[in-house]
Amino acid sequence: NVATNYKKNPSMKRTIILFLIIFSNLTYGQIPNKLSNEEKIYGLSKFWQEVNYNFVYLNKVDRTEWDNQYKKLISEVQNTPNDYEYYRLLQKFCAFLKDGHTNVWFPKEIQDSILNTDFGDYRIFLTNIDGKAIITKVNKSKKDELPIGTEITKVNGLSTNQYINQNVRPYISTSTQHILDDWSIAYMLEGFIGSTFDLELKLPNGKIKSINLTLNNSEEKELYPKENNDIFEYGLLEKDIAYIALNSFTSWDIMGLFSDKLPEIRKAKKLIIDLRKNGGGNENIAREIIKYLTNDTIIYGSKSKSRENVSYYKAIGKYTKATDTLNNNWSKQAYLTYHDNYYFDFPYNSYNTANMDIERIEMPTAILIGHNTASASEDFLIYADNQENMTKIGEPTFGSTGQPMIFDLPNGGIGRVCTKKDTYPDGREFVGYGIKPDIEIKTKLSDYMENRDVVLEKAIEYLNGK
């Protein structure tokens, strides 16, 4: 047999070893390894520099630890075995800042080979439910083999929590704890194509099952449960409740789709607006839609500020003491600039629609929100904040918005740094916390298994009581 021949035949042994070396190098060689040490140090320093000069939340960062990490990484980035691992280190460095609009992205050459849900014959989508990694969507042909509600309990010999804490959580840049928890599970199996995972699963019936999966492109596209990826959805629920889903503010096309349905929406007596899939886009689209949904002719959006750096003030600020700032605005600006804590407040103007020829709608309205309600859709909620006819139902939102400054990193990588802080008009902060619902409803494991939308059900129940 092969084993016996292997022991008796030294040439066969050398051949197999040579094959394993070639195969290993072939697999390893698929990952780009083009960056020089000089480029690696430059990319690290470029990101560190832009954060120091432009990051709007720098005052919330432990500057000593931030600088210590930078100095430590100067040697570590030079020892990365390939460009993928280099960018992973930059992402870990970025995650220290805890901001959802500050990121490091792989070059396209690498990103195109990174997968998360595709494993050849399998497609698996994970959701954080009470801290557990639960399969909530699969490709249709595997829905009986991997039923909805299956929990991943171990990854590569480690408990799921151990694996996440070592390999996933430290690399995620986000502003809020609930998004960090969600993404640590949603992206738990992300990696370079060809990466393998030995998984231990707990099926809904309690049985334990093991499976080995390798990241590879999947051909099967149909998912279970079926999902709708349209940017706009409309329906009539029961006899007098209109339902619209605004799933993105990235394209003005949604404005046209919304306008086309306005005559039908006006016939209803109550309205549900679903923002749970809306990851943001253009704040102006959010504003243009909400002006139709209130009789108020003046609506109020977020207030914004950004850091202001004047080199002369920073120079003088080195010699300025806190006591010098008392009743002295010039010294105050110098002192704060030196400490990277001086801000420019953008002029604030409300949005006046009094002279616009529009037919408005005002009816009892439930706005469905969740962890994926982000950025421009959070701006929508700020415009809706003082509307007495609107009630938010669901879970806290993503908790991140702002204007990122985007810049190039070596060999096609991209960095971005958040430069603008947004708050409610009265100064209340939501970045880092999320916008809270008026009525909180959390989807449970049993709801996923029964394919129930308990947030929508609660909205219907609430509006029927109006």
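**Entry 1**

I began with strand β20 (residues 390–394) and strand β24, which run parallel and are joined by two bridges. Within this pair, I found that Ile-393 has Ile-439 of β24 as its bridge partner. I noted that two strands pair if DSSP finds at least two bridges between them. Helices (H or I, at least four residues) and strands (E, at least two) are DSSP runs, numbered from the N terminus.

The model is a predicted one, in which local features need pLDDT of at least 70 and side-chain atom pairs count only at pLDDT 80 or more, while totals for chains, interfaces and linings use all residues. Residues are numbered from 1 along each chain as its sequence is written, and side-chain values use heavy atoms, with hydrogens and water left out.

I then looked up the whole sheet: it is open, has six strands in the order β12-β13-β14-β19-β20-β24, and its pairing is mixed. β12 (232–237) and β24 (439–440) are the edge strands, and each pairs on one side only.

Which helices lie on these strands? Helix α9 (residues 253–267) lies across β12, β13 (241–246) and β14 (270–274), and runs at about 15 degrees to β12. Helix α15 (residues 454–464) packs on the sheet and touches β12, β13, β14, β19 (365–369), β20 and β24. The direction of α15 makes about 160 degrees with that of β14. For such values, axes are lines fitted to C-alpha atoms, for helices over the stretch in contact, and angles run from 0 to 180 degrees between N-to-C directions. Contact means heavy atoms within 4.5 Å.

I followed α9 to its contact with α10: the two pack at an angle of about 10 degrees, with their axes 10 Å apart. They are therefore roughly parallel to each other; angles under 35 degrees count as roughly parallel, over 145 as roughly antiparallel, 65 to 115 as roughly perpendicular and the rest as oblique. The contact is made by Ile-254, Met-255 and Phe-258 of α9 with Ile-285, Glu-288 and Ile-289 of α10. These residues divide into five nonpolar, no polar and one charged. In this count, Ala, Val, Leu, Ile, Met, Phe, Trp, Tyr, Cys and Pro are nonpolar, Asp, Glu, Lys and Arg are charged, and the others, Gly among them, are polar.

Helix α10 (residues 283–290) also packs with helix α13 (residues 376–383), at an angle of about 35 degrees and with the axes 8 Å apart. I recorded the crossing of α10 and α13 as right-handed. A crossing is left-handed if the near helix is turned anticlockwise from the far one by less than a right angle, and right-handed if clockwise. Among the residues in this contact are Ile-289 and Ile-290 of α10 and Phe-380 and Tyr-383 of α13. By class, the contact of α10 with α13 has six nonpolar, no polar and three charged residues.

Helix α3 (residues 37–54) and helix α5 (residues 83–95) pack at about 20 degrees, with their axes 11 Å apart. This makes α3 roughly parallel to α5. Residues in the contact include Leu-44, Phe-47 and Trp-48 of α3 and Tyr-86, Leu-90 and Phe-93 of α5. The contact residues divide into seven nonpolar, one polar and two charged.

I next searched for ring pairs and found 21 aromatic pairs in the structure. Rings of Phe, Tyr and Trp (its six-membered ring) pair if their centres lie within 6.5 Å; planes under 30 degrees apart count as stacked, over 60 as edge-to-face and the rest as tilted. Trp-48 and Tyr-70 form a stacked pair, 4.0 Å centre to centre and with 5 degrees between the planes. Trp-48 lies in helix α3 and Tyr-70 in helix α4 (residues 63–78), so the pair ties together parts that are 22 residues apart in sequence.

Strand β9 (residues 196–202) and strand β10 (residues 208–214) pair in the antiparallel sense over seven bridges. Leu-201 has Lys-209 in β10 as its bridge partner. The two strands form a hairpin with five residues between them, and Gly-206 in the turn has a positive phi of about 95 degrees.

Most residues other than glycine have a negative phi, and most peptide bonds are trans. I noted that Asp-130, although not a glycine, has a positive phi of about 55 degrees; Asp-130 is placed in the loop between β4 (122–129) and β5 (132–139). Tyr-224 and Pro-225 are joined by a cis peptide bond, with omega about -10 degrees. I located Pro-225 in the loop between β11 (223–224) and β12.
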